[in-house]
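Biologist: I have just opened this one and would like to be walked through it. Could we take it piece by piece?

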Amino acid sequence: MADPHLANYTDEDFRDELLATLPHLRAFARGLCGRHDFADDLTQEAAIKAWTARERYQPGTNMRAWTFAILRNHYLSELRRSRRQTDLDEGVAERLLVMNADQEGPLHLSDMEDALQKLNPERREAVLLVGAGGFTYEEAAAIADCAVGTMKSRVARARTDLAKLLDSDPGEAASPKKKAKSGSRKTS
Amino acid sequence: MSDTEGPKGPERKPGLPPETRRDGEPGWAVGLRKLYNSVVDEPLPSSFDDLLKKLDDGEDG
């Protein structure tokens, strides 16, 4: 607490931390949206937002978590915006993303990237944060602004989905749920 | 007890980033981290030059 380094935390210190975080932001953004160009735009916009909001950063806390939350919120608002613009057809934005990814030509989506993009967005975000980014459930829940239990459940579901998609061993990977009892409610 | 896995100490298998060396993980979990780390290890593209300059100059967005 009385760390003199933190007491003297300057804009330059912030900038250095932010710069060191940029590659991670890019990786997170790429996983979230699956598009290289869009991910880089998101990263840069998030970095600018972080820089302008630097007064609100508490030195000594987790810069990666702080900036991931900024990027995530920015990404969601961009998605909402594009959805609003195309509210006649909610699938348009999604199809655009796929088309643009295809148009990148030499880019070949790996099986992993492909599988990630097939996940429900909340699960994708969850498994990116915990499985790839190495955040704890608590940190990931704070970034995604949800309860820790919700985060755990999203990660578990994402894992099951990814295992199904990639390890092609659905028997093993399927959720350990017992066969639905008759009359039980079907969930999706 | 019967934990026969290697030590989880600082020793890592060379050649792989430490993040990919967690024993007993399914392939996709390793693949996910590899994918993430492959982006982390990429140099920033030139499209970031502007941003880097802004930060260098201490400009506000």
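Biologist: Okay, and is A:Arg124 buried or exposed?

Modeller: A:Arg124 counts as buried, because 22 C-beta neighbours lie inside 10 Å, and the cut-off for that class is 20 or more.

Biologist: Which residues does A:Arg124 touch, not counting those up to four places away in sequence?

Modeller: A:Arg124 touches A:Leu32, A:Leu116, A:Leu119 and A:Ala158 when those close places in sequence are set aside.

Biologist: And how far is the C-alpha atom of A:Arg124 from that of A:Glu12?

Modeller: The two C-alpha atoms are separated by 34 Å, and the residues are 112 apart along the chain.

Biologist: Changing topic, where is A:Trp66 found?

Modeller: A:Trp66 is found in helix H4 of chain A, residues 63–85. A:Trp66 is buried, because 21 other C-beta atoms lie within 10 Å, and leaving aside neighbours within four places in sequence, A:Trp66 is in contact with A:Tyr57 and A:Thr61.

Biologist: What does the domain assignment of chain A give?

Modeller: The assignment gives domain 1, residues 1–108, and domain 2, residues 110–174. Between them, 10 residues of domain 1 are in contact with 14 residues of domain 2.

Biologist: Which elements give two or more residues to the domain 1 side?

Modeller: On the side of domain 1 that touches domain 2, these elements are H2 and H4 of chain A, with H4(A) providing the largest share, four residues. By class, that side has five nonpolar, four polar and one charged residues.

Biologist: How many residues of chain B are in contact with chain A?

Modeller: There are 20 residues of chain B in contact with 28 residues of chain A. On the chain B side, the elements that give two or more residues are helix H1 (27–41) and helix H2 (49–57) of chain B, and the largest share, 10 residues, comes from H1(B). The residues of this side divide into 13 nonpolar, five polar and two charged.

Biologist: What pLDDT does chain B average?

Modeller: Chain B averages a pLDDT of 71, and 59% of the residues score at least 70. Over residues 1–21 of chain B the pLDDT is below 50, and beyond near neighbours in sequence this stretch has 11 contacts in the model. Where pLDDT is low, the predicted coordinates should not be read in detail.

Biologist: Last one, what ipTM and pTM does the predictor give the complex?

Modeller: The predictor gives the complex an ipTM of 0.73 and a pTM of 0.73.

Terms used
Residues are numbered from 1 along each chain as its sequence is written. Chains are lettered from A and ligands numbered from 1 in the order in which they are written. This is a predicted model: local features need pLDDT of at least 70, side-chain atom pairs count only at pLDDT 80 or more; totals for chains, interfaces and linings use all residues. pLDDT is the predictor's confidence in each residue, from 0 to 100. Two residues are in contact if their C-beta atoms, placed from the backbone, lie within 7 Å. Ala, Val, Leu, Ile, Met, Phe, Trp, Tyr, Cys and Pro count as nonpolar, Asp, Glu, Lys and Arg as charged, and the others, Gly among them, as polar. A residue is buried if 20 or more other C-beta atoms lie within 10 Å of its own, exposed if 12 or fewer, and partly exposed in between; C-beta atoms are placed from the backbone. Domain bounds come from an automatic or database domain assignment.
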